[in-house]
Amino acid sequence: MKKLQLDFNLQPTRTPWLGLLLCVLGVIAVLWVMTQIDVAKEQKNQLELQEDSIALRIKQRDSKIKAELNASPVSAKVEKIRRDQLLSHAPAFDLLERVWEKEIAFSRLEIATVERDIKMDLEAKSLNDVLLLVDRFEAAPETKHVTLARNSLKIGDPQRPAVAAIEVLWLADPAVPTNNASAANTASRPSVHSASAASGVH
């Protein structure tokens, strides 16, 4: 029988389970962080590829639109609309300001810049004031044509003012009319005045 020996001073051997567990958790954490870094890099690469693809599509679209515009010039209608949008009411208002007198009151005013046309309804103290206004329109260098559409006396008003409708066409560029145009205006004045007198005085 083997002799049993007891050593009461010998320290028992212990396995460091807590340290091993912490080491394993540390390794797992490092591996997880490295995996997340790789995933982030992959996502970044994909985003860069998508951005490049979108930028390329935008560039191709812009090039296509530019090529279509160069291939098909702007139509005359579109160009006319663009020019019409640049027109101003200023010439019409300048003309009205030049010929207006305090005896005249405008009750309706329509300005068409494309046709260079002014249509107005007005009220004056007398028919003579209406005819003087027509004369001032005709004398203005930027006036192309004046039409006295109608004129009469306002019967219901005790003051019996004159009411009239006038249409004025102005020139594209303010310039002195030619001799033919001046002669035509001069010849047209008697007919305008006579029509005025015949339309509503009696």
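**Figure 1. The hairpin of β1 and β2 in the predicted model.** β1 and β2 form a hairpin with 4 residues between them; strands here are DSSP runs of E with at least two residues, and helices are DSSP runs of H or I with at least four residues, both numbered from the N terminus. The model is predicted, so local features need pLDDT of at least 70 and side-chain atom pairs count only at pLDDT 80 or more, while totals for chains, interfaces and linings use all residues. Residues are numbered from 1 along each chain as its sequence is written, and side-chain values use heavy atoms, with hydrogens and water left out. β1 and β2 run antiparallel and are joined by 8 bridges; two strands pair if DSSP finds at least two bridges between them. A105 has E123 in β2 as its bridge partner. In the turn, R116 has a positive phi of about 55°.

**Figure 2. Two loop residues with positive phi.** Most residues other than glycine have a negative phi. R116, in the loop between β1 and β2, has a positive phi although it is not a glycine. R116 is partly exposed, with a relative accessible area of 29%; buried means under 20% relative accessible area, exposed over 50%, and partly exposed in between, with a 1.4 Å probe and protein chains only. R160 lies in the loop between β3 and β4 and has a positive phi of about 50°, again without being a glycine. R160 also counts as partly exposed, at 38% relative accessibility.

**Figure 3. The four-stranded sheet.** The open sheet of 4 strands has the order β1-β2-β4-β3 and antiparallel pairing. Its edge strands, β1 (104-112) and β3 (143-153), each pair on one side only. Neighbouring strands are turned by 15° against each other on average, direction ignored; axes are lines fitted to C-alpha atoms, for helices over the stretch in contact, and angles run from 0 to 180 degrees between N-to-C directions. β2 and β4 pair in the antiparallel sense over 8 bridges, and E123 stands opposite V163 in β4. β3 and β4 (residues 162-170) also run antiparallel, joined by 9 bridges. L153 stands opposite A162 in β4. β2 is mostly covered, with 6 of its 8 residues buried.

**Figure 4. The crossing of α3 and α4.** The axes of α3 and α4 come within 9 Å and cross at roughly 130°. That makes α3 oblique to α4, because angles under 35 degrees count as roughly parallel, over 145 as roughly antiparallel, 65 to 115 as roughly perpendicular and the rest as oblique. The contact is made by L95, L96 and V99 of α3 and by L133, R136 and F137 of α4. These residues divide into 5 nonpolar, no polar and 1 charged; Ala, Val, Leu, Ile, Met, Phe, Trp, Tyr, Cys and Pro count as nonpolar, Asp, Glu, Lys and Arg as charged, and the others, Gly among them, as polar.

Note on methods
Contact = heavy atoms within 4.5 Å.
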